[in-house]
Amino acid sequence: MKILLISTNRNNLPMPVMPIGACIVAHAAERAGHTVFFLDLMFTRDPLSEIESALTRCKPDVVGLSVRNIDNNDMRGTVFFMNDLLGVVDVIRKRTGAPIIMGGAALGVMPEQILRLLPGAIAVVGDGAMVFPRLLDRISRDEPFSDLPGVAYVENGVFHRNSTTASGFSATCPAPDYHRWLNTPAYRSQMATVPVQTKTGCQFQCVYCTYPVIEGSTCRLKEPGSVADAVAGFAAAGLPDVEIVDSIFNAPLGHAMEVCAALARVRHKARLQCLEMNPRDFDDALVTAMEQAGFVGMGITLESASDPVLQGLRKGFTSRDVHHAAEVVRRHRIPCAWIFLLGGPGETRETVRETLQFAGKYIGPKDVAFFNTGIRIYPGTELESIARRQGVLSRPPEEMLSPVFYVSPDVDAEWMERELKHTMDSRMNFINMGTMGLSFLPAIHRISHRLGLRPPLWRHTGIIRRGLRLAGMDV
């Protein structure tokens with residue numbers, strides 16, 4: 001069949017993200033014998049016209065939509081992306097009667113709500129590289145798919161979600177030809193990195209997280225040698241800036257060490273980074289291995305430096321681990337991005353101050369601290385139960401597609417914002433969601449690229465903020 005696969009994500013803040021899942025699925029569909037036309041909407045000026053032209057050109061038998069985000073997870077400046085998706089689907093249905101199959105992280109999080117928003121569509125909620133070709137095979141033979149694992153749909157007003165299966169998992173790290181499917185020069189000019197996964201699944205139980213829903217709670221590991229080969233291949237193809245996008249890179253720790261050792265053995269010439277690391281399994285041996293592997297940036301997702309909040313979020317580590325990680329970072333040369341999430345269960349004025357004091361004391365000038373306030377509540381998470389029990393949430397699950405956020409009832413959100421702003425005013429390497437959502441950030445990326453700067457650009461946060469302040473901007 002002829003397949004038109006559309007990557008619908010147009011959010012380029014803080015920087016555009018290469019659609020790894022859509023590219024992997026495109027390759028899988030082509031390998032299964034189908035003709036695939038790929039349309040990436042990231043840099044299109046008129047996406048609806050582009051879709052109309054693509055439909056006219058290829059006359060698809062099936063249209064696939066990759067949907068990455070429901071919203072931007074920003075409580076202060078919320079952007080809801082589903083309205084754009086409605087426009088995309090409306091254009092498709094006016095031009096063709098081809099079945100619409102949706103996939104991507106957004107469908108893994110809230111398939112029922114999205115399918116009810118777009119009646120008649122089908123959702124892939126399992127491993128797209130396995131499920132999508134099997135679903136295409138059923139459609140090509142006009143056979144029912146109601147028993148197909150990894151598929152979700154609404155029939156006669158009833159939502160159905162078929163359980164996924166682990167069969168067919170490949171331990172080989174996927175390395176799609178991004179040059180073939182995407183405008184890679186445009187991505188590189190905006191400081192985008194090439195995404196690589198060394199595993200799927202997450203073993204942690206953070207109260208807000210959707211990763212276990214999307215990828216499962218059991219880690220399925222990619223063979224370290226294949227990860228190194230993928231990285232070397234991307235660098236040789238002119239894509240040297242590579243980011244490990246695992247839910248948590250250093251869990252399990254042994255696998256991360258094996259990946260680093262495999263990368264160190266390969267002369268890959270890539271600049272590696274990973275912004276999702278856990279302080280619990282974080283030591284000098286790991287960071288040394290990362291240095292030898294070619295990492296130029298790393299990030300530690302703390303959320304808080306206060307034990308009551310860490311316990312309330314069920315992070316699986318303590319403030320002692322947090323302080324130990326800070327000492328390790330100080331002993332090494334890799335710049336570190338520290339990621340905080342204020343307002344979680346157990347947050348009070350005292351715990352906010354404790355976290356900000358930790359950041360002020362331990363985060364050095366070569367590093368950056370990123371703060372967000374308020375936590376997006378997703379149906380089915382423990383945070384939803386906590387919010388309902390505390391009286392913070394009354395909206396029913398079917399109405400939670402439109403963003404709703406949690407802030408601890410023991411702390412005032414406005415006060416938190418003021419405290420954070422006061423801290424940021426004296427620390428130029430501290431930023432928040434407002435900074436990451438600046439409309440001129442893509443221009444800064446393009447200028448930085450032309451000047452020869454390379455990812456991660458956040459290494460230069462302090463210099464950039466000072467420059468913007470001198471230009472009269474309150475950032």
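Predicted model: local features only at pLDDT ≥ 70, side-chain atom pairs only at ≥ 80, totals over all residues.
Helices H2 (residues 47-58) and H3 (residues 82-95) pack with their axes 10 Å apart, at an angle of about 30 degrees. Because angles under 35 degrees count as roughly parallel, H2 is roughly parallel to H3. The crossing of the two helices is right-handed. On the H2 side, the contact is made by Leu48, Ile51, Glu52 and Leu55. H3 contributes Gly87, Val88, Val91, Ile92 and Arg95 to this contact.

Helix H12 spans residues 284-293. At its N-terminal end, H12 is capped by Asp283, a side-chain oxygen of which lies 3.3 Å from the backbone nitrogen of Ala285. Within the helix, Leu286, Val287, Ala289, Met290, Glu291 and Ala293 are buried. H12 is followed by Gly294, which has a positive phi, near 105 degrees.

With a disulfide taken as a pair of cysteine sulfur atoms within 2.5 Å, the count of disulfides is zero. Cys173 is in no disulfide, and the nearest cysteine sulfur, that of Cys274, is 13 Å away. Cys173 has a relative accessible area of 5% and is therefore buried. Cys336 is likewise in no disulfide; for this residue, too, the nearest cysteine sulfur is that of Cys274, at 10 Å. The relative accessibility of Cys336 is 0%, so this residue counts as buried.

Notes:
Residues numbered from 1 in each chain as written. Heavy atoms only, no water. Buried < 20%, exposed > 50% of the residue type's maximum accessible area, 1.4 Å probe, protein only. Helix = DSSP H or I, 4+ residues; strand = E, 2+ residues; numbered from the N terminus. Polar contact = N/O pair within 3.5 Å; in protein donor to acceptor, adjacent residues only side chain to side chain. Axes fitted to C-alpha atoms, helices over the stretch in contact; angles between N-to-C directions. Parallel < 35°, antiparallel > 145°, perpendicular 65-115°, else oblique. Left-handed = near helix turned anticlockwise from the far one by under 90°. Contact = heavy atoms within 4.5 Å.
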